[in-house]
Amino acid sequence: MQIQTRKISAAPKAFEVCAHGLRLKGELYAKERGLFCLEAKLEGEIELICDRSGEAFMQAIDEALVLYISDGFWDTQSQRFEAFDVIECFDGFIDLDSILQSEIESIKLDYHYKGEYHGSAKETSQ
């Protein structure tokens, strides 16, 4: 799902995207000109590989996300609020599917141990 940045106002716009057993559901709104805020919840189950045993296991995910997105380059020197990472988009669209895929890849790249998870996710027993 892509949303044109010029159609995003200060009034929150609801969205929901799903992929690989996870759902990203929340709101997107303009924080200031050219900067947008995505507040969402990432939830569902994802298959991970245990770094200790090499076994696949299902992990429940339930995380709140706050992401900032700029329309074009983000000048870190001009920040007027707390330091944070900003996702830059360059074509006038915010690609929510791409953001969800990026979050999935980030989870998969972490270290995982069957029976223990160090993030805010809740483990699913098998």
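Before you click anything, one definition: a residue is buried at under 20% relative accessible area, exposed at over 50% and partly exposed in between, using a 1.4 Å probe and protein chains only. What you have open is a predicted model, where local features need pLDDT of at least 70 and side-chain atom pairs count only at pLDDT 80 or more, while totals for chains, interfaces and linings use all residues. Residues are numbered from 1 along each chain as its sequence is written, and side-chain values use heavy atoms, leaving out hydrogens and water.

**Whole chain.** Show the cartoon: one helix and seven strands, in the order β-β-β-β-β-β-β-α from the N terminus. Helices (H or I, at least four residues) and strands (E, at least two) are DSSP runs, numbered from the N terminus. Of the 126 residues, 37% count as buried.

**Color by pLDDT.** That is the predictor's confidence in each residue, from 0 to 100. The chain's mean is 83, and 80% of its residues reach 70 or more. Strand β2 has the highest confidence, at a mean of 95, and strand β6 (residues 86-89) the lowest, at 79. Now select residues 117-126: pLDDT is below 50 here, and the stretch has 24 contacts in the model beyond near neighbours in sequence. A contact means heavy atoms within 4.5 Å.

**β2 and β3.** Select residues 13-19 and 22-32, which pair in the antiparallel sense over seven bridges; pairing requires at least two bridges found by DSSP. Phe-15 stands opposite Gly-26 in β3. In the hairpin, two residues lie between the strands, and His-20 takes a positive phi near 50 degrees.

**Ser-70.** Go to strand β5 (residues 56-71) and pick Ser-70. Why does Ser-70 count as buried? Because its relative accessibility is 1%. Leaving out residues up to four places away in sequence, Ser-70 touches Gly-34, Leu-35, Val-86, Ile-87, Glu-88 and Cys-89.

**The cores.** A nonpolar core is a set of buried Ala, Val, Leu, Ile, Met, Phe, Trp, Tyr and Cys residues joined through side-chain atoms within 4.5 Å. Show Leu-24, Leu-28, Leu-38 and Ile-94, the residues with the most contacts inside the largest core, which has 27 residues. Two or more residues each come from β2, β3, β4 (35-49), β5 and α1 (96-109), with β4 giving the most, six. Zoom in on Leu-38: its contacts beyond four places in sequence include Phe-15, Leu-65, Leu-96 and Ile-99. Apart from this core lies another, of five residues, among them Tyr-29, Leu-35, Cys-37 and Tyr-68.
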